[in-house]
Amino acid sequence: MIPAAFDYVRAGSAAEAIQLIGQYGDEAKFLAGGHSLVPAMKLRLAQPTVLVDIGRVSDLSYIRDGGDHIAIGALTRHMDVEKSPVLAEHVPLLAHAAGHVGDPQVRHRGTIGGSLAHADPASDLPATTLALGATYVAEGPNGTREIAAADFYQGYFTSALAPDEMLTEIRVPKMGGAGWSFQKFNRRAQDWAIVGVAAWQRGSECGVGLVNMASTPVLASSVAAAIAGGASAAEAAEAAASEADPQADLNASVEYRVHLAKVLTRRALEAAGG
Amino acid sequence: MTMTDDTTGVLGQRLLRREDPALLTGEARYTSDLPIPGALHLAVLRSPYARARIVSVDTSAAASMPGVTAVFSGADLADTWAGPMPCAWPVTEDMKSPTHYPLAVGQANYVGDGVACVLANSATAARDALDAIEVEYEPLEAVIDLEDALSDRVVIHDEIGTNRSYTWDLKIEESEGQVDQAFADAAYSVKERYIQQRLIPAAMEPRAVAAIPQPFGGDMTLYSATQVPHILKVMTALTLGIPEHQLRVVAPAVGGGFGSKLNVYAEELLCVALAKRTGSPVRWTETRSEGNQATIHGRGQIQDIELAADSDGRLTAVRVRLIGDMGAYLQLVTPGVPLLGAFLYAGVYELPKAYDFSCTSVFTNMTPTDAYRGAGRPEATYAIERAMDALAAEIGIDPLELRRRNFIPTASYPYEAMTGLVYDSGDHDRAATLAAEMIDYAGVRARQETQNVPGATKRLGIGVSTYFEMCGLAPSRVLASLNYGAGGWEAATVRVLPTNKIQVVTGTAPHGQGHETAWSMIVAEKMGVSPDDVDVLHSDTAIAPLGLDTYGSRSLSVGGVAIAIACDKVIDKAKQIAAHQLEANPDDLEFSGGEFRVAGSPDRAMPLAAVAFEAFTAHNLPDGLEPNLEAHTTYDPPNFSWPFGTHMCLVEVDTETGQVDVLKYVAVDDCGNQVNPLIVDGQVHGGVVQGLAQALYEEAVYDADGNLQTSTLAEYLVPAASDVPAIDTGHTITPSPTNQLGVKGIGEAGTIASTPAVINAIVDALSGLGVRDVKMPASPNTVWRAINEAQGGQQ
């Protein structure tokens, strides 16, 4: 498990990181927690020639109350998201979902920004922040811009970030006491979800995000529409896979994934809306 | 000697393992931890094709890379080998075995087959250079399906002209045609097909090798993460044409094997050959993906089993047809694995002489298979225990009741089975009764009545598995009858040092079993010293020149007993010295608590420590007695050891998702007297988890082209601690009558018993939905599909 040779530079600030990634170009990669990138490098599936280590950019590790939303620095570790009292109060679904990422070692090293920017549809947090209607903040050579989670994911491991942009903050609307549920279905506790469902519901309003049901995380809009139209959880869940386009793998056939999405969505809505 | 009843003795105590502090703090030295100045690093280029002609290998670009010493293709090294890679178990006279070299020449036959190799001054340089070797392959059609292989539609190895390696039969009848007649007359019969999926052993420590030439053209020392330093020495010497006495093999700390390190591997031979060729030390450490591809796999069988029974459900005949998946080549004991199970397809049940077993083993374009924890016996136990459940369903009686009707009666022991093997001891009803109490079998059956109602989405199931483990490999004459290439004895030396500290030299090769702790306890009990005063030396052929290593749950029942016998010899000699000193007749001396006493004269006594010093100074020994207190023994066991037991598993199946939740697991194992119950429990826990992993999680998956789909631990699902249930262990103790310690093996029992217990529980839970079988591993998707199929495609 020896990666191909690469150069390593460490950034002290977001601005320096962006300058460095611009300087080294397409073959450079940001290194945050490293728990997605480094395994890929060890298998030589990824062979960046330069790693720009942003792990020491400490001013990007925070969880702040922004009034109607909670702002989370991109380099906040999963464990800090999981244990945050601010999130427990205002966005408990995200804190709970962060507690299901990988295993404790991964959660102590991996970061929320790294997970989202990696854009793995099988990861827990992209679908969760999507369901919550989060907005991501990206910083580039020309300043910062906001990207809605719904516009961020473009395909397998592909996001709306430009090569010289860096994800710096995640803004998640407060849940305002909505019910919620995170249904992660897998064979081993440490694994990616075979299918996952993140859902919140407040009266006839709900948000449902699906993990590992397409090449991107999926916002199950048809479910939300059905709930808004007065459907029961079971009725609405029948539409769970309407926006999905799942693939088969060793753990699940397409048919089984679709079935799981419906079962888990029903269970999530029953728990969230109950 | 009583062991379990003697609360003051050492044996039977739950002593913490002396091995663990070093292992748990990371101070233990594994092969890849050894500092070896000047070592060259080996890296192996592996075939990306399951079957391909090697048209050309261009090593020139790789050879010119920085840090690279040399690059070799298989053809470059063809004249290095005195013989092909060894298979020590030619099970039949006409067994076919394709020539197998450490690097393939002409044709690669599985994904992972070595094609070329690099020597470089760092592991990184060696790895980088692999990418620069240019190999031109002509891909050929691969054979993955066992029945397709059997058809010889595509013949993998031209030189043997068939994919069949051998057919081995074991037909036992009182009169000819008895099996057929029993099936014709049967009140009940079942015919089932079970698939033993391929498993990847996944020992925690990957394989690692270092070969170090000694100065002045002297001997070669081979360090390897192996279970079998002694066998490896003989085989390496033969394969490389090195005089055996000039080769020393050392197995440093070894982190698990489960059979996967019971082998002679290409990388071991490459390291020695290239160290010899270059005069430099050569080392290699496996990556996890290499381990999944190029370390042996386990299991891999199609089992067709038929049971015939009379109107009471008593077995009248068993017929078994196996297809064994050898993989691309025969490794050390590959062909013998199905034979180790061949005698056990009647389980722990009385069967008349109406047994018809036949196994045909075939080559495929997949990683070679070989012994994996249990080796043949888990497969056999799975088939009979699953088939017993099928038979119980056919008859319409409780599966535990069917087993009770068929158990070999306790009064029949020692019991000569229809195979001619003598089961030394057993009490199956007692083990089953204890397990049933521990899991509240009757209570579970009552809960099922209320829980498993139509429309229920959480269904409760209970699974039973009873077993015999034929282990303690083995009486050498029995191994001879099976055409095995070696004996089954074990050697031990016990040496009392002048200060009354004791060295034990054993031929066993522990790799996680706790032999240092257990052997010190046996010696402490025998010699009346503290276990702390006993040092156990092992796994170095310069220290322990004779031994047959560790596998097949043999170490205690063969190697441990050898140590006890060596202790007896030392005590006999010490008694002569003490008698001489005490001016008494040796026959009048008693030895206990580390002291010789003259019977009836308690004041006339001599401690072992004093005898040891006398033996050392040799100033005043009986005439003709050699100085020093030391004895060597080689012990050939008179029989296998026959641990047995009953496991029960309680599951709840979510019929909406197919998820199986193991609610409770009970293991009742009888391994005779227990030297250290803590170690016994550990072996049971690990074994149960490994067997449960086969039932629920693990499978080496290949696609139709022979690509391994589970090449990392992200795809190959070894369960973690959070994925397995708490395990309740219970024990009955039926001492083995065949050895002085009364012990039996326990290394594989958990793996043997647990797999069918789990699957039986799942099928039991779903029987109300019409499910009769669930394939392994019973993943949620697989269970869900089984429910759907049983419901005619509808849920």
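How many residues does the contact take from chain A, and how many from chain B? It takes 23 residues from chain A and 35 residues from chain B. Keep in mind that this is a predicted model.

**Where the chains meet**
- Together, chain A and chain B bury about 2,300 Å² between them, and 55% of that is on carbon and sulfur atoms.
- On the chain A side, the residues that lose the most area to chain B are A:R187, A:R188 and A:L250, which together make up 31% of what that side buries.

**A sheet in chain B**
- Here you'll find an open sheet of 7 strands with mixed pairing, in the order β3-β5-β1-β12-β9-β10-β11.
- Its edge strands are β3 (68–73) and β11 (247–250) of chain B, each pairing on one side only.
- Going from one strand to the next, the twist averages 20 degrees.
- Strands β1 (residues 40–46) and β12 (residues 282–285) of chain B run parallel and are joined by 2 bridges.
- If you want a pair to look for, B:H41 has B:R283 in β12(B) as its bridge partner.
- Helix α3 (residues 123–130) of chain B packs on this sheet and touches β1, β3 and β5 (114–120), with its direction at about 25 degrees to that of β1(B).
- Helix α6 (residues 229–240) of chain B packs on the sheet too, touching β10 (220–224) and β11, and its direction makes about 145 degrees with that of β11(B).

**Helix α12 of chain B**
- This helix (residues 428–439) has 12 residues and reaches 17 Å from first C-alpha to last, close to the 16 Å expected at 1.5 Å a residue.
- Its buried residues are B:H428, B:A431, B:A432, B:A435, B:A436 and B:I439.
- Look down the axis of α12(B) and those buried residues fall within an arc of 130 degrees, so they line one face of the helix.
- That kind of spacing makes sense because an α-helix has 3.6 residues a turn, so residues three or four places apart point the same way.
- The cover over the buried residues of α12(B) includes α11 (399–406), α13 (441–451) and β18 (458–468) of chain B.
- Just past the end of α12(B), B:D440 takes a positive phi of about 55 degrees.

**Helix α16 of chain B**
- Helix α16 (residues 555–582) has 28 residues and spans 38 Å from its first C-alpha to its last, close to the expected 40 Å.
- Of those 28 residues, 20 are buried, so α16(B) is largely enclosed by the rest of the structure.

Terms used. Residues numbered from 1 in each chain as written. Chains lettered and ligands numbered in written order. Predicted model: local features only at pLDDT ≥ 70, side-chain atom pairs only at ≥ 80, totals over all residues. Heavy atoms only, no water. Helix = DSSP H or I, 4+ residues; strand = E, 2+ residues; numbered from the N terminus. Expected span 1.5 Å × (residues − 1). Buried < 20%, exposed > 50% of the residue type's maximum accessible area, 1.4 Å probe, protein only. Arc of directions from axis to C-beta. Contact = heavy atoms within 4.5 Å. Pairing = 2+ DSSP bridges. Axes fitted to C-alpha atoms, helices over the stretch in contact; angles between N-to-C directions. Buried area = accessible area lost by both parts, 1.4 Å probe.
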